[in-house]
There are 2 protein chains.
Amino acid sequence: MNQVIHTLLNHRSIRKFTDRKLSQEQIHTIVKSAQQASTSSNVMAYSIIGVTDQNLKNELYKVSGHTHVKNNAHMLLFCGDLHRINRLANTEDNQQTIDNNLESTEQLIVATIDAALAAQNAAIAAESMGLGICYIGSLRNDIKRVNELLELPGHVIPLFGLVIGYPDHNPEIKPRLPIDSIYHENKYKPFAEQEQFIEAYDNEMRSYYGNRSSNTKLDTWTDQMIRKFSTPTRMDVTPFVKSKNLNKR
Amino acid sequence: MNQVIHTLLNHRSIRKFTDRKLSQEQIHTIVKSAQQASTSSNVMAYSIIGVTDQNLKNELYKVSGHTHVKNNAHMLLFCGDLHRINRLANTEDNQQTIDNNLESTEQLIVATIDAALAAQNAAIAAESMGLGICYIGSLRNDIKRVNELLELPGHVIPLFGLVIGYPDHNPEIKPRLPIDSIYHENKYKPFAEQEQFIEAYDNEMRSYYGNRSSNTKLDTWTDQMIRKFSTPTRMDVTPFVKSKNLNKR
């Protein structure tokens, strides 16, 4: 197993960091690594906002509720960004077509994929340096507030944060669904054929949650998912995205 | 520079592969690496379809138009997948709430991010083994056809492909926008402050396109983007996604 595969297979989210800071060079390497990820037709439909201001971290913490959002060595905020494209138009005619185009679901998908590919490169780069990371999707708990805090213009939406720092705990690697439930060959495997693997995973997770080194509980993946999705969540993301002139048509 | 950073910074898309096949072990390691990527609240809202059937590759090639879609050692198709969650419901009441929840833009974003994070791990794993990769967003040229070919159920959408194989050419690394145009600190940098970096990039790309080893042309990033976005593209993605009961509310 090479060093890269070793890094990928050993990922665990880190939620507690020491006080040690990152160097400017480390941050630069992480962002440059993010930039080198593939991007749809070279559009580079994302922006990365480095959060260094502790007051801003505190405000973002209020949205997320996770203490690692205020206590970390560095935080990157990944945004889908089609503002640049919107501003490149140079005639009234192409401004109109470009704006119409940017309003499609296709372009929301492009921006979301571009941002995520870049982010995962940043995550891997950081982990290869001995740093820990955690994605922060909970910034979408109040996406409008995050948008205001970062002063995002039209066609830019905050997607998620990535907190980075030197690990101050050593959590277990969390098991994933068995490969046979997410990997298919040539066509989609009906749910009936996935069920046995989900059941096996529920048993594995019951044991994982019961035995892990901290925060033990009695739970399964199925029960978690049913609880999670039985409550309407972040329904305000829809009108927010539209207010940015994205995903409107 | 460690081996991981070296792999990340040396990414180029590979569009021509030798006839050499991948071993089952290589494919397994690539998919396991994908699975270990972060996922929103452990939802794992994606599926990966390995394409081994040459007839299917040929059909997907007709959608994409790129020869590397039919000529590659392996192809992975990444789908946003909330079908599993939809099928976990176990009462009429939670079926209704879960279905409503899955229809939100938030859940389309979750599935798209989850699929992209997994895909980028797969890409990095493959590149670390000396393989080349290329993302295939052009499968969305006819997303409905791809959906039919793969027999995807409701709540599953094809997002993009990833073709993999041993490189049979050695393209240059494509320059990216200067770091100062995509990296911001604490708040979004207005477009007026990004413009100088975009201009510098246009000059760099003019020289890159004029001097690269194959397919030289006279072009800039700005001109490319204006041309690309001045034509309405993939407007059928919007109704297709809704037909899958995603992004409907």
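Which helix gives the largest share of the lining of the largest cavity? Helix H6 of chain B, residues 105–128, does, with 3 residues. Helices (H or I, at least four residues) and strands (E, at least two) are DSSP runs, numbered from the N terminus.

A word on the ground rules. This is a predicted model, in which local features need pLDDT of at least 70 and side-chain atom pairs count only at pLDDT 80 or more, while totals for chains, interfaces and linings use all residues. Residues are numbered from 1 along each chain as its sequence is written, chains are lettered from A and ligands numbered from 1 in the order in which they are written, and side-chain values use heavy atoms, with hydrogens and water left out.

The structure holds 2 cavities of 30 Å³ or more. A cavity is a set of points, on a 1 Å grid over the protein atoms alone, where a 1.4 Å probe fits but cannot get out; lining residues have an atom within 4 Å of a point. Grid points are joined across faces, edges and corners, and a volume is the space filled by probe spheres set on the points.

The largest cavity has about 50 Å³ of space. By class, that is 1 nonpolar, 3 polar and 3 charged residues. Here Ala, Val, Leu, Ile, Met, Phe, Trp, Tyr, Cys and Pro count as nonpolar, Asp, Glu, Lys and Arg as charged, and the others, Gly among them, as polar.

The second largest cavity has a volume of about 30 Å³. Its lining takes A:Ser40, A:Glu106, A:Gln107 and A:Val110 from chain A, and B:Lys228, B:Thr233 and B:Arg234 from chain B. Helix H6 of chain A gives the largest share, 3 residues.

Now turn to B:Arg140, in the loop between strand E3 (132–136) and helix H7 (143–150) of chain B. Beyond neighbours within four places in sequence, its contacts (heavy atoms within 4.5 Å) include A:Glu106, A:Val110 and B:Arg234.

Helix H10 of chain B (residues 221–229) has buried residues too, among them B:Trp221, B:Met225 and B:Phe229. The buried residues of H10(B) pack against helices H4 (83–88), H5 (92–102) and H6 of chain A, together with helix H9 (191–211) of chain B.

Notes
On a 1 Å grid over the protein atoms alone, a cavity is a set of points where a 1.4 Å probe fits but cannot get out, and a pocket is an open set with protein on both sides within 12 Å along at least five of seven lines; lining residues have an atom within 4 Å of a point. Buried means under 20% relative accessible area, exposed over 50%, partly exposed in between (1.4 Å probe, protein chains only).
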